[in-house]
Amino acid sequence: MDFRPLTQDAIDAAPEWMREIPLRPDRWRDAHTRSVVGIEGEDAVAAGILWTSRVHGDRYWFEIAVAPYRRRRGLGREMSARLSALRGDDLAFMTRGYVDDDRMAFARALAARTIQVVPPADIAVASRTALRHHPAVRSAADVEWLQIAEANAAVYAWTHAAWSPVGPQFAEALNEDLADELDRDATSVAVVAGRVVAGRVVANCMVYLDESPPVVTAETTAADTPDGERLVEGCVRRSLDVLAARGETDVVFDGHVSDPHFLPVWTRLGPTGRWFHLVEVPAVPAPARPRS
């Protein structure tokens, strides 16, 4: 297989199987954003891409696609080795998917280890009656934007610290499109006097506009927030009340099994769906070249 940099022309002409992964031209952002296509004869048979997150930077995300008629013949592993050789830093790979996806079977074949688990995410809005209201909870529309953005960054930083730490400039990248994506009326925040954590917001339930059903996240702004579970419960209850009044029947929760205040609230809502894993994949050593 001959490896070539992926160009915009190649992306424009890409077959459907190649479009199963995100496609960008090689070095679309910098030296840590690489993409290649594997050619046999005149035909593209594989494609691979790696990039670093502007929020994290501790691992390379990677995606590989192989033509259906050439799968299970070692081309994916060969592409993994090629991507490993293109890394600008000696960092492991990272990918994610539902536990029964082919992509996860491939990752496990490359010695992946699970670093985080996302529980089933589908929640019926009607299940909100299992949760209690809280007097400290209000609409995010009643809070200054800076406090919302700071709270979002604070939640993200501590909930990722143990398994995928954020980078020094993560907040700017994380909040870059937040104002356009967030439903401020449905988003709920807990504001408790005297607890100065990311402004005065100590917990939130964020509701996003760009998906249907709506995507929801919820946690406290610090790991040791007093009454954190109770505050998250109140935030989630208010947000689901707002969505119910609009006629929404379902939402999708995005959280981790390691989120201590989110998880107990989630269990009370009767979630359904598939388990989702985030995994670390060691870089594949490039095969030794035969001596001439």
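Is Val99 buried, partly exposed or exposed? At 31% relative accessibility, Val99 counts as partly exposed. Here buried means under 20% relative accessible area, exposed means over 50%, and partly exposed lies in between, with a 1.4 Å probe and protein chains only.

This is a predicted model, in which local features need pLDDT of at least 70, side-chain atom pairs count only at pLDDT 80 or more, and totals for chains, interfaces and linings use all residues. Residues are numbered from 1 along each chain as its sequence is written, and side-chain values use heavy atoms, with hydrogens and water left out.

**Overall layout**

- The protein chain holds eight helices and 13 strands. Helices (H or I, at least four residues) and strands (E, at least two) are DSSP runs, numbered from the N terminus.
- The C-alpha trace spans about 75 × 35 × 35 Å along its principal axes.
- Of the 292 residues in the protein chain, 49% are buried.

**The largest nonpolar core**

- In soluble globular proteins, nonpolar side chains tend to be buried together.
- The largest nonpolar core has 27 residues. Such a core is a set of buried Ala, Val, Leu, Ile, Met, Phe, Trp, Tyr and Cys residues joined through side-chain atoms within 4.5 Å.
- Residues with the most contacts inside this core are Ala190, Leu231, Val236, Leu240, Val251, Phe253 and Leu269.
- Two or more residues each come from strand S10 (201–208), strand S11 (215–220), helix H7 (228–245), strand S12 (250–253) and helix H8 (262–267).
- H7 gives the most to this core, with seven residues.

**Aromatic pairs**

- The whole structure has three aromatic pairs. Rings of Phe, Tyr and Trp (its six-membered ring) pair if their centres lie within 6.5 Å; planes under 30 degrees apart count as stacked, over 60 as edge-to-face and the rest as tilted.
- One of the pairs joins Tyr98 and Phe276: the ring centres are 5.1 Å apart and the planes stand at 80°, so this pair is edge-to-face.
- Tyr98 belongs to strand S5 (residues 93–98) and Phe276 to strand S13 (residues 276–281), so the pair ties together parts that are 178 residues apart in sequence.
- Tyr98 is partly exposed, at a relative accessible area of 33%.
- Phe253 and Phe262 also pair: their ring centres are 6.1 Å apart and their planes are at 25°, so they are stacked.
- Phe253 is buried at 3% relative accessibility. Phe262 is buried too, with a relative accessible area of 2%.

**Charges over rings**

- A charge sits over a ring if NZ of Lys or CZ of Arg is within 6 Å of the ring centre and within 35 degrees of the ring normal.
- Arg274 lies over the face of Tyr98, 4.1 Å from the ring centre.
- Arg96 lies over the face of Trp61, 4.8 Å from the ring centre.

**The second largest pocket**

- This pocket contains about 690 Å³ of space. On a 1 Å grid over the protein atoms alone, a pocket is an open set of points where a 1.4 Å probe fits, with protein on both sides within 12 Å along at least five of seven lines; lining residues have an atom within 4 Å of a point. Grid points are joined across faces, edges and corners, and the volume is the space filled by probe spheres set on the points.
- Of its 22 lining residues, the closest to the centre are Ile64, Arg71, Asp102, Arg103 and Phe106.
- Strand S4 (60–66), helix H2 (75–86) and helix H3 (102–109) each give two or more residues to the lining.
- The lining divides into 10 nonpolar, three polar and nine charged residues. Ala, Val, Leu, Ile, Met, Phe, Trp, Tyr, Cys and Pro count as nonpolar, Asp, Glu, Lys and Arg as charged, and the others, Gly among them, as polar.

**Loops and backbone**

- Val99 is in the loop between S5 and H3.
- Ser212 and Pro213 are joined by a cis peptide bond, with omega about 0°. Pro213 sits in the loop between S10 and S11.
- Arg27 has a positive phi of about 60° although it is not a glycine. Arg27 is partly exposed at 47% relative accessibility.
- Ala111 also has a positive phi, about 75°, without being a glycine. Ala111 is exposed at 52% relative accessibility.
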